[in-house]
Amino acid sequence: FLSDGDDKIVLLWNINNPSPIAKINLPSNIQDPVVQYDGTGVAFGVQVQDQNTLLHSIKLFDVRAYDNGPFQDIVPDYPLLQSAVKNGMINSGINDNPNITSINNMLSNTTWTDFHFSPDGNHVIINTNNDILFILDGYKEDVEPIAICNRKNTLGVPLGISFSSDAKYVIAGNDENEIQFYDKLNGKLISTLTGHVDAVSCIACNPVYDVMASGCVNTVLWIHQPENGNGMEIGNE
């Protein structure tokens with residue numbers, strides 16, 4: 001497994017060893033690192049923000065050759081992010097004709113907080129401190145992201161996100177105690193689950209069994225019920 005820290009060091013661990021088996025010292029100009037393995041376990045990403053430019057990026061490493069540094073940086077161009085947010089605001093019904101000022105205001109108040117690879121490795125979901133989620137191409141940074149702009153995070157609290165086990169949906173918690181399912185390909189809201197008593201701060205999908213776990217001040221397990229057409233039904237609390 002991987003860990004990161006405020007000391008800008010990424011550590012690789014073996015679960016049977018009390019000491020790290022490898023260490024990566026990140027550049028001094030980055031802050032707020034977040035690490036995740038991809039679905040294969042062969043590569044991992046380190047999400048960072050540049051202290052000088054304030055730009056966010058994801059650095060991809062090969063776990064077999066991490067000493068060589070990242071083999072790719074995912075850094076979406078700002079115009080692509082602007083276009084994505086514009087389309088996301090329109091698709092979400094927030095604004096049918098957003099102007100450049102409203103788009104830039106939304107982006108300027110957006111900080112990347114964490115990220116996840118899709119199980120098939122084709123996409124990356126970016127979590128933020130507000131209503132926006134970005135779905136990035138897992139390989140090409142010149143592909144316009146898909147922006148979800150109606151996640152409901154007016155409080156700016158840490159919220160959970162995940163891809164579904166079949167990689168078809170983005171699953172996001174919100175600060176209205178809900179879990180929302182979005183289509184990965186267009187960012188449109190598919191369904192909403194209720195049952196929590198507080199903001200949903202953690203979501204995880206079992207990669208083998210069709211079960212999802214979510215957490216606020218309590219933990220809820222959900223079992224897939226496709227015949228109901230609602231995606232998931234509560235299984236245990």
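The dialogue below reads some features of a predicted model.

Colleague: Start with the whole chain. How many helices and strands are there in the protein chain?

Modeller: The protein chain has two helices and 19 strands. Keep in mind that the model is predicted.

Colleague: What radius of gyration would a compact globule with 237 residues have, and what does the protein chain have?

Modeller: A compact globule with 237 residues would have a radius of gyration near 18 Å, and the value for the protein chain is 18 Å, so the two agree. As for extent, the C-alpha trace spans about 50 × 45 × 30 Å along its principal axes.

Colleague: Now the helices. What describes two packed helices?

Modeller: The angle between their axes and the distance between the axes describe them. Here the pair is α1, residues 78–91, and α2, residues 100–108. Their axes come within 10 Å and cross at roughly 105 degrees.

Colleague: Are α1 and α2 roughly parallel or roughly perpendicular to each other?

Modeller: Angles from 65 to 115 degrees count as roughly perpendicular, and α1 and α2 are therefore roughly perpendicular to each other.

Colleague: Which residues of α1 and α2 meet?

Modeller: From α1 come Y78, L81, Q82, V85, K86 and M89. On the α2 side they meet I100, S102, I103, N104, M106 and L107. Sorted by class, this contact has eight nonpolar, three polar and one charged residues.

Colleague: Which residues line the largest cavity?

Modeller: The lining is made of I74, P76, L136, D137, K140, E141, V143 and P145. By class, five of the lining residues are nonpolar, none is polar and three are charged.

Colleague: What volume does the largest pocket have, and which residues lie nearest its centre?

Modeller: The volume of the largest pocket is about 350 Å³. Its lining has 16 residues, and F117, P119, S162, F163 and C205 lie nearest the centre. The classes in this lining are eight nonpolar, seven polar and one charged.

Colleague: Which strands each supply at least two residues of that lining?

Modeller: They are β4 (30–37), β8 (112–117), β12 (161–163) and β16 (202–205). The most comes from β16, which gives three residues.

Colleague: Last, the backbone angles. Where is phi positive in a residue other than glycine?

Modeller: K8 is one case, with phi near 65 degrees. K8 sits in the loop between β1 (2–4) and β2 (9–12). K152 is another case, with phi near 75 degrees. The loop that holds K152 runs between β11 (146–148) and β12. That β12 is also among the strands that supply the lining of the largest pocket.

Methods. Residues are numbered from 1 along each chain as its sequence is written. This is a predicted model: local features need pLDDT of at least 70, side-chain atom pairs count only at pLDDT 80 or more; totals for chains, interfaces and linings use all residues. Side-chain values use heavy atoms; hydrogens and water are left out. Axes are lines fitted to C-alpha atoms, for helices over the stretch in contact, and angles run from 0 to 180 degrees between N-to-C directions. Helices (H or I, at least four residues) and strands (E, at least two) are DSSP runs, numbered from the N terminus. Angles under 35 degrees count as roughly parallel, over 145 as roughly antiparallel, 65 to 115 as roughly perpendicular and the rest as oblique. Contact means heavy atoms within 4.5 Å. Ala, Val, Leu, Ile, Met, Phe, Trp, Tyr, Cys and Pro count as nonpolar, Asp, Glu, Lys and Arg as charged, and the others, Gly among them, as polar. On a 1 Å grid over the protein atoms alone, a cavity is a set of points where a 1.4 Å probe fits but cannot get out, and a pocket is an open set with protein on both sides within 12 Å along at least five of seven lines; lining residues have an atom within 4 Å of a point. Grid points are joined across faces, edges and corners, and a volume is the space filled by probe spheres set on the points. The radius of gyration is taken over C-alpha atoms; the globule rule is 2.2 Å times the number of residues to the power 0.38.
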